[in-house]
Amino acid sequence: MTMDFASRVERVEPSATLAISNKAAELEAEGKDVVDLSVGEPDFDTPENIKDAAKDALDAGHTGYTSSNGIPELKEAIADSLHDDGLTQYGPDNLIVTPGGKQALYEIFQTIIDDGDEVALLDPAWVSYEAMAKLAGGTLTRVDTATHDFQLEGALDDLADAVSDETELLVVNSPGNPHGAVYSRDALEGVRDLAVEHDITVISDEIYKEITYDGVEAVSLGTLEGMEDRTITLNGFSKAYSMTGWRLGYFAAPEELVSQAGKVHSHSVSCAVNFVQHAGVEAITNTDDAVEEMRQAFAERREFLMGLFEDHGVHVPEPQGAFYMMPEIAPDGDDTEWCDQAISEAQVATVPGTAFGTPGYARISYANSKERLQEAVDRLAEADLI
């Protein structure tokens, strides 16, 4: 039997980040010692109080379906947190709680994008944005920020040239994956001006909002005048609370969008896991100290790894948030080949910048110990890759 597959699926490539992780796992299964700098998750265990809250919820019998958009306690806690950030336009009725931030993004794309609709991305852009746009039938326009050390302010003229009245959706990710850049208020005000001028809906992906350095604070796009009713604010529990495997995220949006996206949500995943939502209440209300401890550890590792690359003459735009950096490793060559050599010859796993729309670079995660970061750089140097 020959199966015919949907063209929307054939337009999409498998996740490059997961492909690298799979290759690292295969080498480890063969007994190789791989320093995996490709992973997009904290290397810390979930804080104990969150795990205890989940156990308590299980013991209390919170194992069935919940209301589709989320339990009231969690939606109220999220709304309070958003209000603390200045996003006072969102109440519990503006929220959908999802099994992970990725599911939240998928539902947004499926709700807004029709065949042929234009989606604008700021490169380097997280790999799944492109895939989700294509799965929804959208077309892409892309703006390169690499020549501005991944900052958006210098690329605003290019963004102005790229968007138009035909642009349906713009995705903004700050602090960003894969580059760690945090966009300035001036840059986001430039985004606001373009969004208002061309009537563009904007996703503000704030999954790394709690992880910033050097006193930098990430501005929530939806707090800017004129963006209250055109911004979809997305966040989750994976990164700040080290809950990647728990699969818990959410988005906040105008009620009319929540009503429509609720159809996608209810017919696909029904609801997020009941006891995990109860753990989410604990995470968002009582885990500040653990979050700060992780943030400080990431800050130290960032400085350490920046210094190692500097010692080898490798240019790395300094990240202000998240736990990634993008060294320029193949300015005149093939970054995919470089990453293949890194894992096959040095057993160091990285992700090629091409996967994010930015050839010549590699994404490095510093969600690893200083000892392993040192080992990774030593191996890359011994293999003449830096």
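User: Let's begin in helix 11: how many residues apart are E292 and R295?

Analyst: They sit 3 residues apart in helix 11, which means about one helical turn separates E292 and R295. Quick caveats: this is a predicted model, where local features need pLDDT of at least 70, side-chain atom pairs count only at pLDDT 80 or more, and totals for chains, interfaces and linings use all residues. Residues are numbered from 1 along each chain as its sequence is written, and side-chain values use heavy atoms, with hydrogens and water left out.

The side chains of E292 and R295 form a salt bridge at 2.8 Å, N to O (a side-chain nitrogen of Lys or Arg within 4 Å of a carboxyl oxygen of Asp or Glu). E292 is partly exposed at 30% relative accessible area; buried is under 20%, exposed over 50%, partly exposed in between, with a 1.4 Å probe and protein chains only.

Helix 11 (residues 288–311) also holds R302, while D214 lies in the loop between strand 6 and strand 7, so this pair ties together parts 88 residues apart in sequence. Helices (H or I, at least four residues) and strands (E, at least two) are DSSP runs, numbered from the N terminus. The R302–D214 salt bridge comes in at 3.0 Å, N to O. R302 is buried, at 1% relative accessible area, whereas D214 is exposed, at 58%.

Then there's K209, whose side chain meets that of D85 in a salt bridge at 3.9 Å, N to O. K209 is in the loop between strand 6 (201–205) and strand 7 (231–236), and D85 in the loop between helix 4 (72–84) and strand 2 (95–98), 124 residues apart. K209 is buried at 14% relative accessibility, and D85 is partly exposed at 31%. The salt-bridge count comes to 16.
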